[in-house]
Amino acid sequence: MSTETASSCRPDKGKARARDVEPTENTPLLASGSLSSRDASIEQPDPRAAHRRLFSQLLTVFLISLSLCVLLFVLLAIIAFSYRSHASQIPPEEILERALVVEGPDRVDVLNASATDGIWLMVHGRVGLDAGCVVGVNRDDGDGILRDWWKSFGRWGIRQLDRVNVNLSPIQVSPRAHPDIALATISTAPIEIPLTADPPRRESSWLTPVQVPVRIQPTKDVAALLHFIRESWKIGFVSVQATIAHTVVHGGRLGDSGWRSRFVLSHSNVRPVVNMKIPSVPGLPPPGHNNAPPSFSDLVTVQSFNIVSADDAIFIEANATAINPVPWHLEFSTPPLPFIISLPSPSNSSAEVPSVPVASVRSHPFALTHPNISLTVSGAVLSLERSASRALSNFMSKYVSGHEADIQITTPLVPGMIINTTFPAPSPKPEILRNVSITNMKITPTGTTMVASGTVHALVVLPRGINVGVNASRVFPDVLVYDGPVSMPGSNESDSDVTPHNPPPERPLPDPLPPRAFAHIRPEDWLPALSERVDGPEDAGSAVAVTARIDDVPLQVLPGREREFSNFVSKVIFGTQGALAGVQGVAAVAVRVNGLPFANGHDGEMELTGLPFEGSVRIGKKSMWPLPID
């Protein structure tokens, strides 16, 4: 092959691919430098141009991504602003009524209670906020595809926000009819409320358990509070208005500083209204129909009590039952709560005298059981002024005579609130004076009058539950004398408002006079007595045997009963066994109670008046012996 033929096969001569030339011994190791620059650029690309192309591609991708993110962010901001704007325009009262669901309380713990700081509670319950209802993104069968997509995005946003925390200013609770009258002020710590979108209907499984510390400060206007309670019971509804000066809602948990916290809603002067029907409680008059509310004695019943003397003090413990007004099961715990028991001052006081505090007690923890709650209180008698003996005497005289006795209950937790109630009468009626008898009784003439002498014996038995040491120091009998056994039951009216150390006021004679009653014996003053503690009946309290001497006490013949008296004297003088005389009346006994803490000393004296008794005694010229009470 010739040289021309070989040169015509170069690649630049045609489009056909040149055949490779086999190297020879004369072929140079390096290519000739006569190649053009174009050929060199094809064989070796410029790296700077490749970098520029790569940068251009990355910039394009970045700008497209950034535009999409900005667009998405703007879209999210528009949607979020739309939902936030919608939520902010809904009145908070409507949110509370339509979207906030609260069940309970399931448990209430009283953490602390004082007159200055109010009552601190820990309230356990379940709560949830149907945020889908607030912003209008809950599912609806009539939604189209676009609207369903729009709501789905809203529900997704609610799930991302998850919860909100609510800060409330102190809440003033007032009657709806009189919003200017405050009944109580309620303060709470910030509350976390979980958010839910499209919760299941008629189910409470979506609610979240919460516990919220609450402080309640009752009004000092006790009269307004009691008036509200009475009026609410009469109409059968509790209708109150809460006033919240400021409400601030932050997104996220308490203390969250992330993007959720930027979701903020605030409202001022929120005034929700709460209406609740008062449920009927078995054992109480039904609410409504203008019925009066039940009294304290209708709610609480004393079952038993025990009063004992120990260590120069008197201690009290009582058990009672109370009607449970809560219709649902509620766990309840409380620390000991203080109460003061007072006795009203005697009504015939010449000046306005406040009630006499006599005992300080505390309630024991209790559970809310149905239908009744078991209560236990315990405490001690307070240090008493000497003037308190009159109030104590009046109280005990009514009680031992089988009557209800007035008491007052107060608590330092609600200053100014006084509960006027009665201490229930004992059932059956206690028999305080037992086994009354008169020995060595003589009736002798002194001038134009008759006098009686003898020794009175009686057993003083205190009612069940009163197990205090007593010492009877004085007695005052007021006696009707019969020719024969007592013909009719005696009176059981106590002498109230007795002035200490003065004889009880004279009782009017029965009208008409009982058959065969012919004489009246009443000493001018108290009779000194001796007493000795003895074992009394098992179903009663402390017992003492009392002895008192009657010396020449005037025996007054009853008006129009001179003939009955003459017949009785004839029986005594001419009868072979004398005559049987019936005695009936009331007595007063002054006792010193061991450990009763008067301010100027212990063992203060207390007078029990209006104690009925009856018995009989045989009076003869030689043999005189008593018969005990039936």
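# Salt bridges, helices and strands

Aspartate 109 is buried, its relative accessible area being 13% (buried means under 20%, exposed over 50%, and partly exposed in between, with a 1.4 Å probe and protein chains only). The model is predicted, so local features need pLDDT of at least 70 and side-chain atom pairs count only at pLDDT 80 or more, while totals for chains, interfaces and linings use all residues. Residues are numbered from 1 along each chain as its sequence is written, and side-chain values use heavy atoms, leaving out hydrogens and water.

The side chain of aspartate 109 meets that of arginine 107 in a salt bridge, at 2.9 Å from N to O. A salt bridge here is a side-chain nitrogen of Lys or Arg within 4 Å of a carboxyl oxygen of Asp or Glu. Side chains of opposite charge can pair when their charged atoms come close. Arginine 107 is partly exposed, at 28% relative accessibility, whereas aspartate 109 is buried. The structure holds 13 salt bridges, and two others are followed below.

One of them joins the side chains of aspartate 117 and arginine 215, again with 2.9 Å from N to O. Aspartate 117 sits in the loop between β1 (100-114) and β2 (118-130), and arginine 215 in strand β7 (residues 208-218), so this pair ties together parts that are 98 residues apart in sequence. Helices (H or I, at least four residues) and strands (E, at least two) are DSSP runs, numbered from the N terminus. Aspartate 117 is partly exposed, with 27% relative accessibility. Strand β7 also contains isoleucine 216, which counts as partly exposed at 25% relative accessibility. Isoleucine 216 lies 6.7 Å from serine 187, C-alpha to C-alpha, although 29 residues separate the two in sequence.

The other salt bridge is between aspartate 162 and arginine 163, whose closest N and O atoms are 2.9 Å apart. Aspartate 162 is partly exposed, with a relative accessible area of 31%, while arginine 163 is buried, with 15%. Through salt bridges that share partners, Asp162, Arg163, Glu192 and Arg253 are joined into one network. Aspartate 162 follows helix α6 and has a positive phi, near 75°.

Helix α6 covers residues 145-161. The helix has 17 residues, and the distance from its first C-alpha to its last is 24 Å, close to the 24 Å expected at 1.5 Å a residue. That expected span is 1.5 Å times one less than the number of residues. Lys151, Gly154, Arg155, Ile158 and Leu161 are buried in α6. Seen down the axis, these buried residues fall within an arc of 115°, so they line one face of the helix; the arc is that of the directions from the helix axis to the C-beta atoms. An α-helix has 3.6 residues a turn, so residues three or four places apart point the same way. On the other side of α6, the exposed residues are Ile145, Leu146 and Arg159.

Leu146 also belongs to a nonpolar surface patch of about 350 Å², made together with Trp149 and Trp150. Patches are made of residues with over 30% relative accessible area and no salt bridge, with like charges joined within 9 Å and nonpolar side chains (Val, Leu, Ile, Met, Phe, Trp, Tyr) within 5 Å. The areas come from the Shrake-Rupley method with a 1.4 Å probe, and for residues only the protein chains shown count as cover. Tryptophan 149 is partly exposed, with a relative accessible area of 46%.

The strands come next. Strand β3 (residues 163-168) pairs with strand β6 (residues 191-196) in the antiparallel sense over four bridges; two strands pair if DSSP finds at least two bridges between them. Asparagine 165 has glutamate 192 in β6 as its bridge partner. Glutamate 192 is also a member of the salt-bridge network with Asp162, Arg163 and Arg253. β3 pairs with strand β8 (residues 237-251) as well, in the antiparallel sense over five bridges. There, asparagine 167 stands opposite valine 248.

Helix α10 (residues 562-574) has 13 residues and reaches 18 Å from first C-alpha to last, close to the 18 Å expected at 1.5 Å a residue. Phe565, Phe568 and Val572 are buried in α10. They cover an arc of only 65° around the axis, which puts them on the same side of the helix. The face turned away from the buried side of α10 carries the exposed residues Arg563 and Phe574.
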